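Visitor: I have this model open on my screen. Could you take me through how its parts are arranged?

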Amino acid sequence: MTAPQPTFLWGASTAPHQIEGNNVNSDWWLYEQRMPHFTTSGDAVDSYHRYEEDMRLLADAGLNAYRFGIEWARVEPLPGVFSVAELAHYRRMIDTALRLGLTPVVTLHHFSSPRWFIEEGGWLGETAIERFTAYVTRVCDILDGVEWVCTINEPNMFAFMIYMAGAINADAVPEMDTPTVQREDGFVLPRPTAEATARLIEAHHTARAVVRERTGAAVGWTVANLALYATDPTHESALLEERHAREDIFLEAARGDDFIGVQAYTTQAVDENGPVPHPPHPDNTLVGTAYRPDALGIAARHTWELTQGVPILVTENGIATDDDTRRIAYTSEALTHLFAAADDGVDVRGYLHWSALDNFEWGHWEPTFGLIAVDRTTFTRTPKPSLAWLADVARRGRP
């Protein structure tokens, strides 16, 4: 099938491990305990129990879509043992979204995996495809009425994290820089290995076939769009090499998909040696990245070209800032660039802001991306002005 039409999706996104809390059977729960430079997720923002409140805030504001994930570690706590209660929980989330007038955009894997899966060999192990396929097959039983399914979130980010797979049985997990927070001196994320890239593409294509066979949903995956650029025309060959390994190969793998999830935040330079660490700057975001709202337009145009015309759903775009006025300014300009691309013929089906809630940013709590603030002691939700602003844009239909 093709991506659903004609309603343009206006909403926000979350990931289960970042908001649900107490995801104790996942690999990330263990990584957090073993990395001294990470903060733990703990209760997160207790969205496991408060999901209806979170959805209602979005719906009452006037948005019409919500992207959320199903947590594999909860659904299959032991190999081959599926929790009927957890499947019912996620079905209730789908029903709640539909009842509130929110189109559910469901992600099947968002960085975290069951601990047992990693112990068994993880994504590079012999059973990886079989295990992931079995999980996806079982989850399809609860997806009636879901029109959008994302198989794997940001495989190009996840691919470099896979090297930790063998560390879960070790005395200590090797130190890893979270992909969402840069050091003060900047850093360059590792290039995905060919082996991890190939395995994730295989997993996506297998899951895509299962979702198509067992549901009526449009299916695709989401890619972290890096908006790489050469510091000098003489570095063009290095740019092409880095872009292929870090982004383009994943976009090319989406050519048979019903849609592609675009996830863009900033840009990064490339010189003859590869990506250049972004230096400290007063305008940098709370995760140390450059303030580049034009990245979304760059990403949409590049994705449209590389996928050869696969419809685009913006599944993440936002800014880490404690200044909501700045969030509105960033998002306003990002949307202007996105709709300029759409005016030029790029098929854009929706915009889902990252994120609905201030949440656990993979080892850190300080970066705040949310349209809704959360008191992590009382779990009180407080919508920010940016939520009402985005809903007003949605009512107008464009920035």
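Visitor: What should I know about the source first?

Guide: This is a predicted model, in which local features need pLDDT of at least 70 and side-chain atom pairs count only at pLDDT 80 or more, while totals for chains, interfaces and linings use all residues. Residues are numbered from 1 along each chain as its sequence is written, and side-chain values use heavy atoms, with hydrogens and water left out.

Visitor: In what order do the strands of the barrel close?

Guide: Eight strands close the barrel in the order E1-E2-E3-E4-E5-E7-E10-E11, with parallel pairing. Strands (E, at least two residues) and helices (H or I, at least four) are DSSP runs numbered from the N terminus, and two strands pair if DSSP finds at least two bridges between them.

Visitor: And the twist?

Guide: From one strand to the next, the twist averages 30°.

Visitor: How many bridges join E5 to E7?

Guide: Strand E5 (residues 218–225) and strand E7 (residues 260–264) run parallel and are joined by four bridges. Asn-225 stands opposite Ala-264 in E7.

Visitor: Which strands does H11 lie across?

Guide: Helix H11 (residues 295–306) lies across E5, E7, strand E10 (312–316) and strand E11 (348–354), and runs at about 150° to E7. Angles run from 0 to 180 degrees between N-to-C directions, and axes are lines fitted to C-alpha atoms, for helices over the stretch in contact. Contact means heavy atoms within 4.5 Å.

Visitor: What about H12?

Guide: H12 lies across strand E1 (9–13), E7, E10 and E11, and its direction is at about 165° to E11.

Visitor: At what angle do H12 and H13 pack?

Guide: Helix H12 (residues 324–343) packs with helix H13 (residues 385–396) at an angle of about 25°, and their axes are 9 Å apart. H12 is therefore roughly parallel to H13, a term for angles under 35 degrees.

Visitor: Which residues make that contact?

Guide: From H12 they are Asp-324, Arg-327, Ile-328, Thr-331, Ser-332 and Leu-335, and from H13 they are Pro-385, Ser-386, Trp-389, Leu-390 and Val-393.

Visitor: Let us change topic. What is the order of the open sheet?

Guide: The open sheet has three strands in the order E6-E8-E9, and its pairing is mixed. Strand E6 (228–230) and strand E9 (274–275) are at the edges with a single partner strand each, so one side of each has no neighbour in the sheet.

Visitor: How is E6 joined to E8?

Guide: Three bridges join E6 to strand E8 (residues 268–271), and the two run parallel. Leu-228 stands opposite Gln-268 in E8, and Ala-230 stands opposite Val-270.

Visitor: And E8 with E9?

Guide: E8 and E9 pair in the antiparallel sense over two bridges, and they form a hairpin with two residues between them. Val-270 has Pro-275 as its bridge partner in E9.

Visitor: Which helix lies across that sheet?

Guide: Helix H10 (residues 236–252) lies across E6, E8 and E9, at about 165° to E6.

Visitor: Finally, how many aromatic pairs are there?

Guide: The count is 25 aromatic pairs, where rings of Phe, Tyr and Trp (its six-membered ring) pair if their centres lie within 6.5 Å, and planes under 30 degrees apart count as stacked. The rings of Trp-28 and Phe-38 have centres 5.9 Å apart and planes at 5°, so this pair is stacked.

Methods. Parallel < 35°, antiparallel > 145°, perpendicular 65-115°, else oblique. Phe/Tyr/Trp six-rings, centres within 6.5 Å; stacked < 30°, edge-to-face > 60°.
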